[in-house]
Amino acid sequence: MSKSLVERIIRADVRALSAYPVPDAAGFVKLDAMENPYTLPQALRDELGQRLAAVALNRYPVPSYKLLKEKLCRHMGVPTGFDVLLGNGSDELISIVSVACAQAGAKVLAPEPGFVMYGVSAKFAGLEYIGVPLTADFTLDRDAMLAAIAAHRPAITYLAYPNNPTGTLYDVADIEAVIRAVGDGGIVVVDEAYQPFAQESFMPRLPEFNNLVVMRTVSKLGLAGIRLGYMAAGAALLQEFDKVRPPYNINVLTQAAAEFVLDHTTELDRQAAALRNARTGLAAALAALDGVEVFPSAANFLLVRLANADKVFTGLQQRKVLVKNAGKMHPSLQNCLRVNVSTPEENSLFLIALKETLQERI
């Protein structure tokens, strides 16, 4: 039988993949994507609307993004003398790093369970991906990580800080040990997508380690819709990464929106503080339920383990509450659900739906 057009021209490993699933959330309490549920105050939204209306949509962006990068460095604690590279969300930054480092035989290392795009991006770039299991309580297995680094000498090592999908904030000494073990043989990307909720960062430590890259996104701050990520590293690394960055990868509306909102970071900080407080309350309410295990989280979500999670997930869906069925993501997450911390109203709706579902199963 002759091969189809798709079979002839599309890579076999790509054909074997499934597209990234994004469920339809219309009409649901949406707690599956780790978004900030709060919008900007009306006065700021009105001012932002005027700013966006003045953008020259007929012109390409200025590819240096000088003003936006200056504001990010100033407001996000980038050390003096360091710059940032911008991406269309963290996903594009991960792709840029993968492509830039994709020499023959190069490897990527990351703890698992972790962010799925580390492995996906490695595969697309032709890199070998090695996952190192976390401990049973989802902390970093330092000995296993150091052994894997010694055995594989990875070009790229990813450490999400805190980790997605577990919410774990790895021990600082363990991360330092990983960075030193990798040494000049590779880079260590500390992915701080959830930094506003952890309030811990390796950004100030960039001058200590020439192989350290700190990656962040504004998505979790409440700007997921504009798709803006940034990473900071030494000038020599950023110069090479910039060579594989698409020249106009940040559109003018994203640029204008980010420049505006970065002048109002006090509002974003207020929202992040509210979510941190809500996380404490939601974790306590969940832990009080029989048969529900809540894992420590430094992010804006909670990972919980309970019996028959698949049925609970379905019961929540039937009650118009959408969470993430983490058991589908990795074997060690069996019977786990990941739930976004949200507003008091949405957190209450989730708890009511969960209690009803659990009672239904008894």
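**Sheet and helix packing in the predicted model**

Val-188 has Leu-212, in E7, as its bridge partner. Strand E6 (residues 187-191) and strand E7 (residues 212-217) run parallel and are joined by four bridges; two strands pair if DSSP finds at least two bridges between them. Strands (E, at least two residues) and helices (H or I, at least four) are DSSP runs numbered from the N terminus. The model is predicted: local features need pLDDT of at least 70, side-chain atom pairs count only at pLDDT 80 or more, and totals for chains, interfaces and linings use all residues. Residues are numbered from 1 along each chain as its sequence is written, and side-chain values use heavy atoms, with hydrogens and water left out.

E6 and E7 belong to an open sheet of seven strands with mixed pairing, in the order E2-E8-E7-E6-E5-E3-E4. Its edge strands, E2 (83-87) and E4 (128-133), each pair on one side only. From one strand to the next, the twist averages 25°.

Helix H4 (residues 66-75) lies across E2 and strand E8 (229-233), at about 120° to E2. Angles run from 0 to 180 degrees between N-to-C directions, and axes are lines fitted to C-alpha atoms, for helices over the stretch in contact. H7 also packs on the sheet, touching E3 (107-112), E4 and E5 (156-160), and its direction makes about 170° with that of E3. Contact means heavy atoms within 4.5 Å.

The axes of H7 (residues 142-152) and H8 (residues 172-182) come within 10 Å and cross at roughly 10°, which means that H7 is roughly parallel to H8 (angles under 35 degrees). Residues in this contact include Met-145 and Leu-146 of H7 and Ala-177 and Val-178 of H8.

Note on methods:
Parallel < 35°, antiparallel > 145°, perpendicular 65-115°, else oblique.
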